[in-house]
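Subject: Structure handover

Hello,

Here is the structure you will be working with. My notes follow below it.

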Amino acid sequence: MKNRQKQMIDQLSDQELLLNFYISQALIFFIAVILAFFLFPDFLDVFQLFDFSNIKSILIIGGGGGMLVVFIDFLLMKFLPLAYFDDGGINERLFTNRGVVPIIFMTLLVAFCEELLFRGVLQTKFGLVTASVIFALVHFRYLFNKFLFFDVMVLSFFIGFIYEWTGNLAVSFFMHFVIDCLLGLFIYFKNLPKQK
């Protein structure tokens, strides 16, 4: 199944891969909005969970937590075989030829849509465990790599814990953004010599 997934990804052009990326984020966003419509007294209440007024908490807890996760990932990449981090080449394809600004935009979008659904709606209404398990399962490509699946499960619980602890979706959003953005930029700069 993993090889079939890689073959499917390899057959997509960069534009098709990017289109699939944006469609998946739109789908996550619309699922969040639809669920919020049914699960909250007013579906706009879910957006009130983002509190950007406490910049210090967002930067220190969200940014610090995100950098800690990336630091641990880099340590693991240094000591573990590369096969442990093989997601079928999707992240490499997504970030290698994008540029800094598009990577920042893409990872802001992912962090916003996923935190809105998984922490804002699912964790708020069904709890940390349910939201974290669904988050890991939705990252379907990791199911074929036991290490990545375990890694994304632990990450989901950690981000969920941060949300639970702070009660602020802006903190978990920023943390998620820092993780994805730094890892996306790492892929971009690592492959920069190959692009020329």
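A salt bridge here is a side-chain nitrogen of Lys or Arg within 4 Å of a carboxyl oxygen of Asp or Glu. By that rule the structure holds three salt bridges.

Two notes on the basis. This is a predicted model, in which local features need pLDDT of at least 70, side-chain atom pairs count only at pLDDT 80 or more, and totals for chains, interfaces and linings use all residues. Residues are numbered from 1 along each chain as its sequence is written, and side-chain values use heavy atoms, with hydrogens and water left out.

Some terms before the details. Helices are DSSP runs (H or I, at least four residues), numbered from the N terminus. Buried means under 20% relative accessible area, exposed means over 50%, and partly exposed is in between (1.4 Å probe, protein chains only).

Salt bridges

Asp 14 pairs with Arg 93 through their side chains, at 3.2 Å from N to O. This pair links distant parts of the chain: Asp 14 is in helix H2 (residues 14–39), Arg 93 is in helix H4 (residues 90–95), and they are 79 residues apart. Asp 14 is partly exposed, because its relative accessibility is 24%.

Helix H4 also supplies Glu 92, whose partner is Lys 190 in helix H8 (residues 169–190).

Arg 119 forms a salt bridge with Glu 115, and the closest N and O atoms are 2.8 Å apart. What separates these two along helix H5 (residues 100–126)? They are four residues apart, so about one helical turn lies between them. Arg 119 counts as buried, at 0% relative accessibility. Glu 115 is buried too, with a relative accessible area of 0%.

Surface patch

Which residues form a nonpolar patch on the surface? They are Leu 68, Phe 71, Ile 72, Leu 75 and Phe 79, with about 510 Å² of accessible area together. Patches take residues with over 30% relative accessible area and no salt bridge; like charges are joined within 9 Å, and nonpolar side chains (Val, Leu, Ile, Met, Phe, Trp, Tyr) within 5 Å. Areas come from the Shrake-Rupley method with a 1.4 Å probe, and for residues only the protein chains shown count as cover. Ile 72 lies in helix H3 (residues 55–79). Its relative accessible area is 40%, so Ile 72 is partly exposed.

Gly 62 is buried, because its relative accessible area is 0%. Gly 62 and Ile 159 are 97 residues apart in sequence and 8.9 Å apart in space, C-alpha to C-alpha.

Asn 54 sits in the loop between H2 and H3. At 36% relative accessibility, Asn 54 is partly exposed. Asn 54 and Phe 144 are 90 residues apart in sequence, and their C-alpha atoms are 39 Å apart in space.

Helix crossing

The axes of helix H6 (residues 128–138) and helix H7 (residues 146–166) come within 9 Å and cross at roughly 140°. That angle makes H6 oblique to H7. The crossing is right-handed.

Regards

Conventions. Axes are lines fitted to C-alpha atoms, for helices over the stretch in contact, and angles run from 0 to 180 degrees between N-to-C directions. Angles under 35 degrees count as roughly parallel, over 145 as roughly antiparallel, 65 to 115 as roughly perpendicular and the rest as oblique. A crossing is left-handed if the near helix is turned anticlockwise from the far one by less than a right angle, and right-handed if clockwise.
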